[in-house]
Structures are given as structure tokens and as C-alpha cells.
Amino acid sequence: MTGLAIVGGSYAALNVAASARQHGYAESITILTDEHELPYHRPPLSKGFLLGATDRETLPLRGEAFYRDNVINIVFGARASAVDCGASRIETTKGAFAFSKLAITTGTRARIIPIPGGDLRGVFTLRSLADADAIRAVLPGVRSVVVVGGGFIGLEMAASMAQSGVEVTVLEGLGRVLARVTGGTISGFIEREFAGHGVNLACGTAVEAFEGQNGAVRCVRTRSGQRYAADMVILAVGAEPNVELAEDLGLATAQGVVVDLCGRTANPAVFAAGDCAFGMNAFAGRSLRLESVQNATDQGKAAGAAIAGIDLPNSAVPWFWSDQFDLKLQMVGLCNGSDREVIRGSMDARKFSIFYLKRDRIVAIDSVNNASDNMLGRKLLGRPHSVSAEQVSDPDFNMRSLI
């Protein structure tokens, strides 16, 4: 047996490997990634890297010395195609590898919606460094871009494009941006900010087709018949978990690879972590699949410890962030199921937070340019507490007294 094989080159992959070593795993560790880069920071791809403000050299999560010092082998260009758990063997484009433990950290892929013209030149998705390179290569010649999707990646891309001087339109199928992850107050604020930066935003808009000329996209036609000029289209309509390997092993559903709080699957030799993993979330009290750097890191650490024989269940409160123009949106907790939104701070000053309450408990905080409330939430939300909406809205009430 060759020890631990990790499929995927992500945050989760790196943290599984690092945590396993940290907790005493002594067998060999091999990361099998279909990319050709060391595991790297992905948030800059839709922001600083796109604008040329982030250097490629700063993207790796850890330098080569880390992998060498921890005896972690990385095989690049190794796309996994099949796993035989009976033979403890995984097949890849770089050959077959034996394992005693297997970690699936395959992440997600961009969701592709079947729209006529989707194969035209100039239609892009963004999930990887290779995608960002392709977009950056043609961006200097782009005058107008349509972003399909008003989620985090879509809005970050739209903000980056607008700052580069490109005419930007965002088409969102739902009634407001960020509808799946935040409440109406934040959505409305973000929409006004984007309009103030000259971004054309159309919510409740269904895309009918991409139209082109000479094989290149030229406009986006909506179901209502309206056309938006586009030298480039960014499809940002969500992601789908890469679960094919786990499905073949009977370890996944359409929602993700099923895991416990330690990253274990139903097969004692197989673990999973990151954006592809679906399992009980200690904070939410139900099974979830979360797409975030924080969750991939925390799940990876828990899975790595379990691989080394140590149970350290992931109990972290979920948190997320997004940079759009000069706004830093930080989110902690999960606002779904809340029954009240309370504003604390000044929306006019563009420094405020929305506290989401369920009865007398805070279940989430969304902060704009207000990092202190985000840090408060990361300490508070996992603890028992009781507070009223009147207390939260009172600027003289010391929220830290709840901790």
C-alpha cells in the first residue's frame, strides 16, 4: 500500500494532507490533481488577478518547500477516472496509484445551462486559474460584457470588469441578487451600489440565447426579446459538485459526497472534504454542502486528523466573504430560517451590519465594511445567548456583553 491518495488540488486537498501529517500520519501522501499548479488561492481569480493587481506568484497556498518538508508528493495533470476500493487502486490519466486511504476533494465545476449559442467564442465560466487566464487574455479587446448570474462570482466579476472600463450588464434570473445567500436588505444595498458604478442590472430576467457573428458572441437575447450587446459573456449560475468517483462507489448523492463531521464516508478507507462534500453541519443542525474557503479548510483539517486516527469533528460556524468594488461583504452564520432582520450601523456611511434573528437568538450577521461585527459573530453564534431586536438596533447596547 502507498498510504494516502488525495484526489483534487484544492484548499481541502492541502488541508487534508497537512492535517494528516500534523497529527502523526506516517505513510506516504500523494495529491492527484488534474491542474498543473500547486493548490492556490481562488478568490483573487474573480478580482485582483483579473485586473492584474494580484501576481501569479502570490497565488499558491504553500510553496514547494512545504510539500518537500512534509513529504507530500503532487502529481499534476492526473485526472482520476475510476476507483477500485477492493483492489485499493485509483486510475488516472497519469497511471494507476495504490492507496490504503483515499480522500476525495474534487470540488465543483461550473453549472452549464443549455442555452443556444453557448459554444460561441467569448462565452466563459470561471472556476480555475486556467479559466482566469483565458478571460484575461481577451479582456483588453472587450468593450461590453454580460454576466449571467447575480451570485458572488457573478457580482465579483461584474465589479472587476466595470473597474477596468468595460460596459457591464448583469442578468439575474431571480428577483434580486444574492437571493440564495442573504436577505433582501443586503441585496437591495448591493443593487444600488452597482447601479451607482454604472452597471446595468436586470433581475427576474431569463436568458433565451447567445447570438453571434463569425463564431463569436455579440449579444445576449432574453426571453422577453430584449438584446444586450456583449463581446464577452460570463456564465456564473452556480456550481455542481464533482461526485462521479464517489457515486461509482455508492458514497454520494446528487447533493455531494456524504460525510460525517470528521469527513468519513460509509467506506472506512474513504474520506471527503470541501465543496464536493455533503454532511451534517454542527452549527445548522442539518446536512449541508457549503461552498467556501473556510468550510473547505475546516473540513480538510477534520478529515486529515481522522485519517491519522484522531477525531476532531468540524464544529466551526460557517463564514463567507466577497469583495465588490470598495465593499467588503462578510457573512457569518446562515440566515435561512431567520424571522427578522435588524440593521446596526449606517447604510448611508456604507458601514453597517444586518443581524438575522430567530426568536431571541442571532443566527447570522452580514456585514458591509464592518469587520468587527463579523468577528463578533464568529465568536458568538456558536454559543448560547439571548437578545432582543431592540437591543441589537440600539447603538449603545454592548453586543460583546453577549459573549
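1. Strand 24 and strand 27 (residues 361-368) are antiparallel and share five bridges. Two terms used throughout: helices (H or I, at least four residues) and strands (E, at least two) are DSSP runs, numbered from the N terminus, and two strands pair if DSSP finds at least two bridges between them.

2. Before going on, a word on the source: this is a predicted model, in which local features need pLDDT of at least 70 and side-chain atom pairs count only at pLDDT 80 or more, while totals for chains, interfaces and linings use all residues. Residues are numbered from 1 along each chain as its sequence is written, and side-chain values use heavy atoms, with hydrogens and water left out.

3. Strand 24 (residues 327-333) has another partner to look at. Six bridges connect strand 23 (residues 319-324) with strand 24 in the antiparallel sense, and Q324 has L327 as its bridge partner in strand 24. The two strands make a hairpin with two residues between them, and in the turn F325 has a positive phi of about 55 degrees. Strand 24 is also mostly covered, with six of its seven residues buried; buried means under 20% relative accessible area, exposed over 50%, and partly exposed in between (1.4 Å probe, protein chains only).

4. Five strands are arranged in the order 9-16-10-11-12, with parallel pairing. Strand 9 (123-124) and strand 12 (200-203) stand at the edges with a single partner strand each, so one side of each has no neighbour in the sheet. Inside this order, strand 10 (residues 144-148) and strand 16 (residues 232-235) run parallel and are joined by four bridges, with V146 opposite V233 of strand 16.

5. Strand 19 is worth a look for its two kinds of pairing. Strand 18 (residues 252-253) and strand 19 (residues 256-259) run antiparallel and are joined by two bridges, and a hairpin of two residues links them. A252 has V257 as its bridge partner in strand 19. With strand 21 (residues 277-281), strand 19 instead runs parallel, over three bridges, and V258 stands opposite F278 there.

6. Which residues touch the most other members of the largest nonpolar core? Among its 63 residues, they are I135, M161, V168, I190, M232, I234 and I362. A second, separate core has 26 residues, including Y67, A103, F271 and A296. Here a nonpolar core is a set of buried Ala, Val, Leu, Ile, Met, Phe, Trp, Tyr and Cys residues joined through side-chain atoms within 4.5 Å. M232 also has contacts (heavy atoms within 4.5 Å) beyond four places in sequence, among them G122, F124, I135, V138, S144, V146, M161 and V217.

7. Two threonines deserve a check in the viewer. T105 lies in the loop between strand 7 (101-104) and strand 8 (108-110) and is buried, with a relative accessible area of 2%. Beyond four places in sequence, T105 touches I6, V7, G8, S10, A12, A13, V16, A273 and C276. T105 and L14, 91 residues apart in sequence, are 9.4 Å apart in space, C-alpha to C-alpha. T222 belongs to strand 14 (residues 216-222) and is buried as well, with a relative accessible area of 3%; its contacts beyond four places in sequence are L171, T205, A206, V207, E208 and Y228.

8. The largest cavity has a volume of about 160 Å³, and of the 20 residues lining it, M280, N281, N295, Q299 and N314 are the closest to its centre. Strand 21 and helix 8 are the elements that give two or more residues to this lining. On a 1 Å grid over the protein atoms alone, a cavity is a set of points where a 1.4 Å probe fits but cannot get out, and a pocket is an open set with protein on both sides within 12 Å along at least five of seven lines; lining residues have an atom within 4 Å of a point. Grid points are joined across faces, edges and corners, and a volume is the space filled by probe spheres set on the points.

9. Finally, the second largest pocket has a volume of about 300 Å³. Its lining has 20 residues, with N15, S19, T297, D298 and K301 nearest the centre. Helix 1 (11-22) and helix 8 (293-307) are the elements that give two or more residues to that lining, and helix 1 gives the largest share, six residues.
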